[in-house]
Amino acid sequence: MITIYHLSNSRSERIIWLMEELGLPYRVEKFHRDANMLAPAEMRAIHPLGKSPMIRDGDIVLIESGAIVEYIINRHGGGKLVPAVSAADYPRYLQWLHFAEGSALAYLVGRMFLGDGSGMLGQVSSKDFLDENCERYIDYIESTLGEQPYFAGANFTAADIMMIYVIDFLKRFEQRDLTPYPNMVRYLARIGERPAFQKAMAFANPSP
Ligand SMILES: N[C@@H](CCC(=O)N[C@@H](CS)C(=O)NCC(=O)O)C(=O)O
């Protein structure tokens with residue numbers, strides 16, 4: 001049975017709702033935020049990021065609400081709540097599924113923290129909150145690449161095509177020295193050997 005690690009007032013309500021819509025059995029473990037709005041350390045004992053939502057299905061612990069929704073729908077949903085790949089609604093379905101986290105909430109949460117300091121999170125230090133989260137994400141990426149050559153495991157997948165921009169962002173836009181992250185450095189070198197990557201980057205970012 002799927003366990004939902006639910007943080008109050010958080011995105012994990014999506015997963016509880018999804019399970020109800022699908023009529024699937026589940027159990028919930030509840031957690032409360034610390035005063036700094038971060039999830040409590042007990043959640044990081046379950047997964048290094050300790051983010052909400054997290055689920056457990058057998059041996060698998062999974063984070064990212066969009067990925068969790070796709071996982072539950074595809075593995076347990078029996079075809080409910082998802083248009084067929086050939087259906088007219090499928091492209092827009094995918095777009096909005098990814099837009100919610102990838103665009104809308106990324107900016108809305110950023111604005112909530114960096115705005116005028118009012119609102120629900122006005123008492124929390126934006127810099128501390130963002131630094132803490134960014135550094136945990138970076139450490140998680142680094143440790144994942146220490147365990148396996150590619151993000152999904154042994155083989156190159158589209159997940160690498162999504163993730164390489166994140167790592168490159170650190171270099172290109174944060175101008176960060178990646179020396180303290182040897183797994184990322186090796187990963188970039190490995191990806192850099194792919195002819196398709198070289199061709200795409202020569203086209204996308206030609207040297208002046
Ligand atoms: N993009 C992630 C966002 C996860 C996330 O930031 N969750 C918030 C709750 S809505 C959280 O865990 N906050 C506490 C923390 O950052 O420690 C997802 O969709 O799962």
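**Helices, loops and a ligand shell**

Let's start at one residue: Ala106 sits in helix H4, residues 90-114. Helices here are DSSP runs of H or I with at least four residues, strands are runs of E with at least two, and both are numbered from the N terminus. Ala106 counts as exposed because it has 12 C-beta neighbours inside 10 Å. The cut-offs: buried needs 20 or more other C-beta atoms within 10 Å of the residue's own, exposed means 12 or fewer, partly exposed is in between, and C-beta atoms are placed from the backbone. Ala106 and Ile2 are 104 residues apart in sequence, and C-alpha to C-alpha they are 27 Å apart in space.

A word on the model. It is predicted: local features need pLDDT of at least 70, side-chain atom pairs count only at pLDDT 80 or more, and totals for chains, interfaces and linings use all residues. Numbering runs from 1 along each chain as its sequence is written.

Now the whole chain. The protein chain has eight helices and four strands. Along the sequence, the pattern is β-α-β-α-β-β-α-α-α-α-α-α. The C-alpha atoms fill a box of roughly 55 × 50 × 35 Å along the principal axes. Of the 208 residues, 11% are buried. Take the contacts with a separation of 6 or more: residues 24 or more positions apart account for 52% of them. Contact means C-beta atoms, placed from the backbone, within 7 Å.

Next, helix pairs. Two packed helices are described by the angle between their axes and the distance between the axes. Axes are lines fitted to C-alpha atoms, for helices over the stretch in contact, and angles run from 0 to 180 degrees between N-to-C directions.

First pair: H1 (residues 12-22) and H3 (residues 65-76). Their axes come within 10 Å and cross at roughly 15 degrees. That makes H1 roughly parallel to H3, a label for angles under 35 degrees. H1 brings Arg14, Ile15 and Leu18 to the contact, and H3 brings Ser65, Ile68, Val69 and Ile72. By class, that is five nonpolar, one polar and one charged. Nonpolar covers Ala, Val, Leu, Ile, Met, Phe, Trp, Tyr, Cys and Pro; charged covers Asp, Glu, Lys and Arg; the others, Gly among them, are polar.

Ile141, Glu142, Leu145 and Gly146 of H5 meet Asn183, Met184 and Tyr187 of H7. The classes are four nonpolar, two polar and one charged.

On to the ligand. Which residues are closest to the ligand? They are Ser10, Leu38, Ala39, Ser52 and Ser65, out of 13 that surround it. The test is a C-beta atom, placed from the backbone, within 6 Å. The shell has four nonpolar, five polar and four charged residues.

Last, some backbone details. Ser52 and Pro53 are joined by a cis peptide bond, with omega about 5 degrees. Pro53 is in the loop between helix H2 (41-44) and strand S3 (54-57). Asn9 has phi near 60 degrees, a positive value in a residue other than glycine. Asn9 lies in the loop between strand S1 (2-7) and H1.

Key
Angles under 35 degrees count as roughly parallel, over 145 as roughly antiparallel, 65 to 115 as roughly perpendicular and the rest as oblique. Two residues are in contact if their C-beta atoms, placed from the backbone, lie within 7 Å.
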